[in-house]
Amino acid sequence: MTSERTETSPRIVTQREDGAGAPPVIDAAFARWLAERAGQVLLQVREEMGYADGKALKTAGDRAAHDLLRAELARWRPADAVLSEEDDHSRLAWQDAEPATPRPERLESTRVWIVDPLDGTREFSEEGRTDWAVHVALWSADSASPSHLAAGAVAMPAQHRTVATDHPPAYPPLPPGDPRPIRIAASRTRPPAFVTELAEEIGAELVPMGSAGVKIAAVISGEADAYVHAGGQYEWDSAAPVAVALATGLHASRIDGSALKYNEGDPKLPDLVVCRKDLAPRLLAALQRHLPSE
Ligand SMILES: Nc1ncnc2c1ncn2[C@@H]1O[C@H](COP(=O)(O)O)[C@@H](OP(=O)(O)O)[C@H]1O
Ligand SMILES: [Mg+2]
């Protein structure tokens, strides 16, 4: 007996070709699916609008990706809470807001999707740049890891790649035996002064690029040895790429070495370091000497 399918046997369809069918059930694969769908929408927005009005392009991209993430999360994970850059900017640090401001629902939830619909917004609006990303992470109260990140995906549609925890990338290759400067990925448009000082002290090179997700993906692929940032950021800027970095076996922490925590009352998460494990002691020691003042 043969198990080959005949011309007339029914085709098992798990997902419609327009991508609108049921997404994967497993959270990590769902995160990849969702980030990639939003990435396709962003490519379309760029295609349709062009680059003449950068501000309008950024706004339209942010909005379109946010709407897609919101709608798909409401449809496929209706019981879960969401923390999204686009929702939360209006009422960051709710503790300091008007007394009547309600406590965000996500703080009572055991599962919270932390999403950045468009990370590297500035680069998205510049023709030819590929250093922008969509971040989708799942925070779970049940996760055993200190960060409580249970899944994450970073889609980089203009680079035709996604890194995600469903298939964590291999640990980055160790550098060749010859000594060569450490490469630190840093903001292309606003590298913190202390990172420049740190790089000088340890003889490192700065590799400028946009988007926190793209920079952490560069550490994951071995294109950079570390990403060091301080001076301001929010949970959505790092949750998804940190989930992937941790799943790959890399070091990820605050710059004082403490654990990165997500789904906090105030979503500000102003600093972090992501690097290979062998580099962490040296970088953290050097960071101690260069900690920026609050
Ligand atoms: N000092 C700061 N304060 C707040 N957010 C910051 C920041 N520096 C960087 N970020 C955010 O971190 C992301 C990566 O920045 P950069 O490309 O400069 O490294 C960007 O996210 P968005 O593009 O989602 O706004 C940016 O807004
Ligand atoms: Mg961002």
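Okay, quick definition before I start: when I say two strands pair, I mean that DSSP finds at least two bridges between them. And keep in mind that this is a predicted model.

So, pairing. Take strand S6, residues 183-187, and its partner S7: the two run parallel, and five bridges join them. If you want a spot to look at on screen, alanine 186 sits opposite proline 208 in S7.

Zooming out, those two belong to an open sheet of five strands, ordered S7-S6-S8-S10-S9, with mixed pairing. Strand S7 (205-209) and strand S9 (251-253) are at the edges with a single partner strand each, so each has one side without a neighbour in the sheet. From one strand to the next, the twist averages 20°.

Now the helices. Helix H5, residues 193-202, lies across S6, S7 and strand S8 (226-229), and runs at about 145° to S7. H6 lies across S6, S7, S8 and strand S10 (272-275), running at about 145° to S8.

H6 also has a helix partner. The axes of H6 (residues 212-221) and H7 (residues 235-248) come within 8 Å and cross at roughly 10°. Angles under 35 degrees count as roughly parallel, so H6 is roughly parallel to H7. On the H6 side the contact includes Ile216, Val219 and Ile220, and on the H7 side Pro241, Val242 and Val244 are among the residues they meet. By class, that contact has 10 nonpolar residues, three polar and one charged.

Okay, domains. The protein chain splits into domain 1 (27-164) and domain 2 (183-290). Their centres, taken over C-alpha atoms, are 20 Å apart. Where they touch, 38 residues of domain 1 contact 28 residues of domain 2. Several elements give two or more residues to the domain 1 side, among them helix H3 (85-88), strand S2 (111-119) and strand S4 (149-156). S4 gives the most, with six residues. That side of domain 1 divides into 21 nonpolar, eight polar and nine charged residues.

Notes:
Residues are numbered from 1 along each chain as its sequence is written. Chains are lettered from A and ligands numbered from 1 in the order in which they are written. This is a predicted model: local features need pLDDT of at least 70, side-chain atom pairs count only at pLDDT 80 or more; totals for chains, interfaces and linings use all residues. Axes are lines fitted to C-alpha atoms, for helices over the stretch in contact, and angles run from 0 to 180 degrees between N-to-C directions. Helices (H or I, at least four residues) and strands (E, at least two) are DSSP runs, numbered from the N terminus. Angles under 35 degrees count as roughly parallel, over 145 as roughly antiparallel, 65 to 115 as roughly perpendicular and the rest as oblique. Two residues are in contact if their C-beta atoms, placed from the backbone, lie within 7 Å. Ala, Val, Leu, Ile, Met, Phe, Trp, Tyr, Cys and Pro count as nonpolar, Asp, Glu, Lys and Arg as charged, and the others, Gly among them, as polar. Domain bounds come from an automatic or database domain assignment.
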